[in-house]
Amino acid sequence: MVRTMNQSKNDIYVISEQSRQNYEQMRAELEEVKQDISLLITENDLMEVKSRQSRRRLADVSKNFQSYSEVEVREAYEVASKLQLKLSMNEMEEKRLRKRRDELERQLEGLLETIDRAEQLVTQVATVINYLTSDLKNVGAALEDAKQKQEFSIRIIEAQEEERKRLSRDIHDGPAQMLANVLLRAGLVEKIFNEEGKASALSELKSLRMNVRAALIEVRRVIFDLRPMSLDDLGVGPALKKYLSQIEDFEKDVDIHFQSIGNEQRFHTNFEAAVFRLVQESVANALKHGKPSSIWVKVEWLRDTLNIIIKDNGKGFDVNKVKKKSFGLIGMRERVDLLKGAMKINSTIGKGTIILFQIPLNNEGN
């Protein structure tokens, strides 16, 4: 069964990659079609002006044909006729291109659905495979009842697969694309040097250096998302401050404010990682779904409790209508439950969202 499911997962992955390649090809064709339509519209506008002028010329010649020679009359007629014919052909071509554009847009939409569905199926199959092959004894020891063990184990596996898929997308869309561009432009430098000389090649090298620097920044961002080194070295407060500062640099349209009140403490590495992930997930959800212009993160170190408040001025949502299968909220609630803490969400549509975490600092898990 496991072998069969692994083969099925690989087959789905191949379908997904083929669909992605077709999507990129169609998207490139769509851009060409749009450019051709734009050029045709411009050309048709110019020809329409010329056609009106030629028709006025023909009408004038026809009205006063005695004042013009036979050659001039024939020439006026032929010019008007050719312009009208060319205009009609251009309009037919524009109509064909518009039809092709609409067809490509529909096909692209269908391919996107196919790609998303394939990725979901790969995740689901991988989850089942991991569930069949994983040893759940360690998880069972941490849970008291069999039902909780089953549900929590599946969620852990799903979280691992979602994180792997997110990491794969981050690398594919970020460093991989940038490095591919660097490789392409590196070959271009030699061509520019041979054709345009040293000055142009040096200019291209400077631009290439900027691309390499951007790729390095993106790789460091991916590494930081996996686990910031400052978390182990300095603790939750400094790690959050650095993380939020980097997010603010990356999200140019969002102001992020961080405040830490009280005497910061150090705890077990797993506890600090869980707290960090709670804030990271909350901020990521705000950026992804709320589209805010400002986010506030406040950490209060009390004697027995750690209070964390994440507030944004984004779109907000109806808390009563949040889907029970919203994995982001489920993951945060599971982390809070493991820390034996509490989580409260207050959100109003159009007025932003406030999330409060209250985590005890004196339980045995810390």
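**Figure 1. The protein chain holds 9 helices and 5 strands.** Helices (H or I, at least four residues) and strands (E, at least two) are DSSP runs, numbered from the N terminus. Along the sequence, the pattern reads α-α-α-α-α-α-α-β-α-β-β-α-β-β. Buried residues make up 32% of the 366 residues. Here, buried means under 20% relative accessible area, exposed over 50%, and partly exposed in between (1.4 Å probe, protein chains only). Residues are numbered from 1 along each chain as its sequence is written, and side-chain values use heavy atoms, with hydrogens and water left out. This is a predicted model: local features need pLDDT of at least 70, side-chain atom pairs count only at pLDDT 80 or more, and totals for chains, interfaces and linings use all residues.

Figure 2. The score is pLDDT, the predictor's confidence in each residue, from 0 to 100. The chain averages 79, and 80% of the residues score at least 70.

**Figure 3. Residues 16-43 are 100% helix.** The strand content of this stretch is 0%. Its end C-alpha atoms are 40 Å apart. UniProt, in an unreviewed entry, lists residues 16-43 and 87-163 under "coiled-coil region". UniProt positions are given in the numbering used here, feature names are shortened, and annotations may be inferred rather than shown by experiment.

**Figure 4. The chain has 2 aromatic pairs.** Rings of Phe, Tyr and Trp (its six-membered ring) pair if their centres lie within 6.5 Å; planes under 30 degrees apart count as stacked, over 60 as edge-to-face and the rest as tilted. The planes of Tyr-243 and Phe-276 stand at 65 degrees, so this pair is edge-to-face. Their ring centres are 5.4 Å apart. The pair links distant parts of the chain: Tyr-243 lies in helix 7 (residues 236-250) and Phe-276 in helix 8 (residues 269-290), 33 residues apart. Tyr-243 counts as buried because its relative accessibility is 4%. Phe-276 is buried too, at 0%. Phe-267 and Phe-271 also form an edge-to-face pair, with 5.0 Å centre to centre and 65 degrees between the planes. Both of these Phe residues are buried.

**Figure 5. The charged end of Lys-311 sits over the ring of Trp-296.** It lies 5.6 Å from the ring centre. A charge counts as over a ring if NZ of Lys or CZ of Arg is within 6 Å of the ring centre and within 35 degrees of the ring normal.

Figure 6. Strands of a sheet pair through backbone hydrogen bonds, either parallel or antiparallel. Two strands count as paired if DSSP finds at least two bridges between them. Strand 1 and strand 2 (residues 294-301) pair in the parallel sense over 7 bridges. Ile-256 has Ile-295 in strand 2 as its bridge partner.

**Figure 7. Strand 4 and strand 5 form a hairpin.** There are 3 residues between them. In the turn, Gly-350 has a positive phi of about 85 degrees. Strand 4 and strand 5 (residues 352-360) pair in the antiparallel sense over 7 bridges. Ser-347 has Thr-353 in strand 5 as its bridge partner. Which residues make up the covered face of strand 4? They are Met-343, Ile-345 and Ser-347. The uncovered face holds Ala-342, Lys-344, Asn-346 and Thr-348.
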